[in-house]
Amino acid sequence: MRFGEVVVAAHGRDTATTPWDEDLRLVYDVSPHLADVPAAGFPPSSSTMPSPRITAVILTCDEEKRVGQCINALAADVDEVLVIDSGSRDSTLQVVRQSGVPTRVIESPWQKDFARQRNLAFDHVTDGWIVMVDADEELAPVSVGALRRCLTVLDLVLPDIDLAVCPEIADVDDQGGIYTDLPRALRSKTSLRYKGRIHERPYDQEGNCPLTARVSVRFTHHGYRPEVIEAKKKLQRHNDLLELCRNDEPHNSKWTYYHAREQLVEALTPTRARELFDLLSESLTHCPPGASDYVAERLEDSWALLCELALRFGGANEISHFAGLLRSVDRHVEATYFETVVAASQTLSRLSQLADSAAAASARDGRSTPRDAGRLHELYGLLALASGRYDEARTALDQAMARGSGAQLSTEIVNLRTMLSHLDNTPTQAPAKQTP
């Protein structure tokens, strides 16, 4: 059987029929190429599975507040913790050494490069699995034991396959969302290596993404709390690293994407939006078809961001082009949103123009009959209402009724008032967080 078939079969059974079904159900999604890999170790000849050695790797720098909880939460799932410290000045290393899990500490000065720090782990771990865990993360209580079970069954079913395992990373208190596409567990003998000073991910030697399995193992992330971001000056560090990436790889469009995304704020002027649009669209010329995943990683997201920027300067033609590209890769929700915003804006503009025309004509009764003049005032009011010019709609209604017309306009205004009164009496609550 192929691995995808093994996973589907495990999920399809109402009750576990083998000792491995429950562990296989921890895997809920696999990349297409991994799904096609033969499950060489399945079905197994034994009912027991030897557990692989698992090493958690944690990067630290002044993490005394959370690193202890991070390590202790892993006690049931890892054999060892490798801490790569970049110059902590607080009690981080003392907390690490007092934890209840065997630990090693490697001291490596910070060189403004997260990928470099992570890749050091492969020089110091030569057996089993490496699990990258941020110092401000904790394995959720519901997932205790699940990480080891998951990696054990993958060793059984895919013993020699170079792959990456993506757990769920959930921001605490819904500050950010739930991330399910971050590769965190790799085999120690993998050929994959992390790339990127920031937003680092593992890639093969050609710069392409690994085969991946998404698993129901959850970590809780505390790093996006406002007080944490402020205390650790994360925004400044983020911007500094991003600028270094742009200098290191000026033709890599994904760094331009991140640069433009960081500047997408409510107060962005149309002129600045146009400048960022031109900068990002030009950078995409360096991302030709067939570019490696490392270069093309944010291509589709760049199309969506270009549409967002074009909204800020009224670029209808630009939105039409990039929304079409989004639609071509099955991102229909975003494409429809941007296309509809443009169409709605054009429609409202046209309605407003028609309202102006009707207003100008209604100001000159001329030789018209009261009935005709009343109908025109009513039409003017309906157009004003439709284009959001509510004060004018009220005035137009008065003029229409004075000439024996206005019944339809009156009904629409009453309906609008009724709807607004219902909204005023409806308790409001913050919208639920959405997964990015």
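The model is predicted: local features need pLDDT of at least 70, side-chain atom pairs count only at pLDDT 80 or more, and totals for chains, interfaces and linings use all residues. Residues are numbered from 1 along each chain as its sequence is written, and side-chain values use heavy atoms, with hydrogens and water left out.

In α15, Ile-319, Phe-322, Ala-323 and Leu-326 are buried (under 20% relative accessible area, with exposed meaning over 50% and partly exposed in between; 1.4 Å probe, protein chains only). Viewed down the axis of α15, the buried residues fall within an arc of 110 degrees, so they line one face of the helix; the arc is that of the directions from the helix axis to the C-beta atoms. Asn-317 and Ser-328 are exposed, on the face of α15 turned away from its buried side. Just after α15, Asp-330 has a positive phi of about 70 degrees.

Helices α17 (residues 370–386) and α18 (residues 390–402) have axes that come within 8 Å and cross at roughly 165 degrees. Axes are lines fitted to C-alpha atoms, for helices over the stretch in contact, and angles run from 0 to 180 degrees between N-to-C directions. The two helices, α17 and α18, are therefore roughly antiparallel (angles over 145 degrees). Residues making the contact (heavy atoms within 4.5 Å) include Gly-374, His-377 and Tyr-380 of α17 and Tyr-390, Ala-393 and Gln-399 of α18.

How values were computed:
Helix = DSSP H or I, 4+ residues; strand = E, 2+ residues; numbered from the N terminus. Parallel < 35°, antiparallel > 145°, perpendicular 65-115°, else oblique.
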